[in-house]
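This briefing walks through selected features of one protein structure, grouped by topic. Please keep the sequence and the 3D view open while you read, and look up each residue as it is named.

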Amino acid sequence: MNALGEWLESRAPRERAVLLVGAIAAAVIVLWGLILAPLRDAAADLRTAVESKERLLIDVRRAQTLAPETAPRTGAGTQSLVVLVDTTRRPHGLEFARTRPDGPNGINVTFQNASFDALLEWLIAIEAEHGVVVETASFSSTRERGLVNGQVFLRRS
């Protein structure tokens, strides 16, 4: 028998019962404080984030259903796509790592650590206001919540 077992056996039955109850209570407190409570809080945060993204997705779908004839297009044909992308990103607080034109009506935009919400709002706005559509897009999450890296290929319709 080890030292702990011998020490426990040397205690009176009432003391052993109190120690057992105390050990169980300590285990429950540690389990709750270090595992269950943080998991519950993280799950609540994720639920909130999912709800927010679902609302944003609904807005994106609504914007997609706008007929191209009804969407206002301010200067869609007058500015180059590079200039249009640069000027429209600023009000949304976006910085792009690189923009690469692809012919007269296409542009490839690469971004790092961009706010996902701001990026989607910008994409909705540039389509609704200027008729620039997303042809392809790829996103990857970053370590920081709400930020993404990725690339979008835009084409003026």
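Predicted model: local features only at pLDDT ≥ 70, side-chain atom pairs only at ≥ 80, totals over all residues.

**Briefing on selected features**

- Although Arg 62 and Ile 124 are 62 residues apart in sequence, their C-alpha atoms are 9.6 Å apart in space.

**Strand β2 and its partners**

- Strand β1, which spans residues 98–101, pairs with β2 in the antiparallel sense, and 4 bridges connect the two.
- Within this pairing, Thr 99 has Val 109 in β2 as its bridge partner.
- The hairpin formed by β1 and β2 has 4 residues between the strands, and in this hairpin Gly 103 takes a positive phi near 75 degrees.
- Strand β2 is also joined to β4, with which it runs antiparallel, and here the number of bridges is 8.
- One of the residues to look up in this second pairing is Asn 108, whose bridge partner in β4 is Phe 153.

**Thr 88 in helix α3**

- Thr 88 is found in helix α3, which is made up of residues 81–89.
- The relative accessibility of Thr 88 is 13%, and since buried means under 20%, this residue counts as buried.
- A polar atom of the Thr 88 side chain lies 3.4 Å from the backbone oxygen of Val 85.
- The side chain of Thr 88 is also joined to the side chain of Trp 122 by a polar contact of 2.8 Å.
- When residues up to four places away in sequence are not counted, Thr 88 touches Trp 122, Ile 126 and His 130.

**The largest pocket**

- The largest pocket holds about 280 Å³ of space.
- Its lining consists of 13 residues, and those closest to the centre of the pocket are Val 60, Gln 64, Leu 120, Leu 123 and Val 134.
- Two or more lining residues come from each of the elements α2 (13–65), α4 (116–130) and β3 (132–141).
- Of the elements that contribute to this lining, α4 gives the most, with 5 residues.
- Sorted by kind, the residues of the lining of the largest pocket are 11 nonpolar, 1 polar and 1 charged.

**The second largest pocket**

- The second largest pocket holds about 160 Å³ of space.
- Residues from several parts of the sequence can be looked up in its lining, including Leu 46, Lys 53, Phe 116, Glu 144, Arg 145 and Val 148.
- The elements that give two or more residues to the lining of this second largest pocket are α2 and β4, the latter covering residues 147–156.
- Here α2 gives the most to the lining, with 3 residues.
- The lining of the second largest pocket divides into 5 nonpolar, 3 polar and 3 charged residues.

How values were computed:
Residues numbered from 1 in each chain as written. Heavy atoms only, no water. Buried < 20%, exposed > 50% of the residue type's maximum accessible area, 1.4 Å probe, protein only. Polar contact = N/O pair within 3.5 Å; in protein donor to acceptor, adjacent residues only side chain to side chain. Contact = heavy atoms within 4.5 Å. 1 Å grid on protein atoms, 1.4 Å probe; cavity = no way out; pocket = protein on both sides within 12 Å on 5 of 7 lines; lining within 4 Å. Points joined across faces, edges and corners; volume = space filled by probe spheres on them. Nonpolar A, V, L, I, M, F, W, Y, C, P; charged D, E, K, R; others polar. Pairing = 2+ DSSP bridges.
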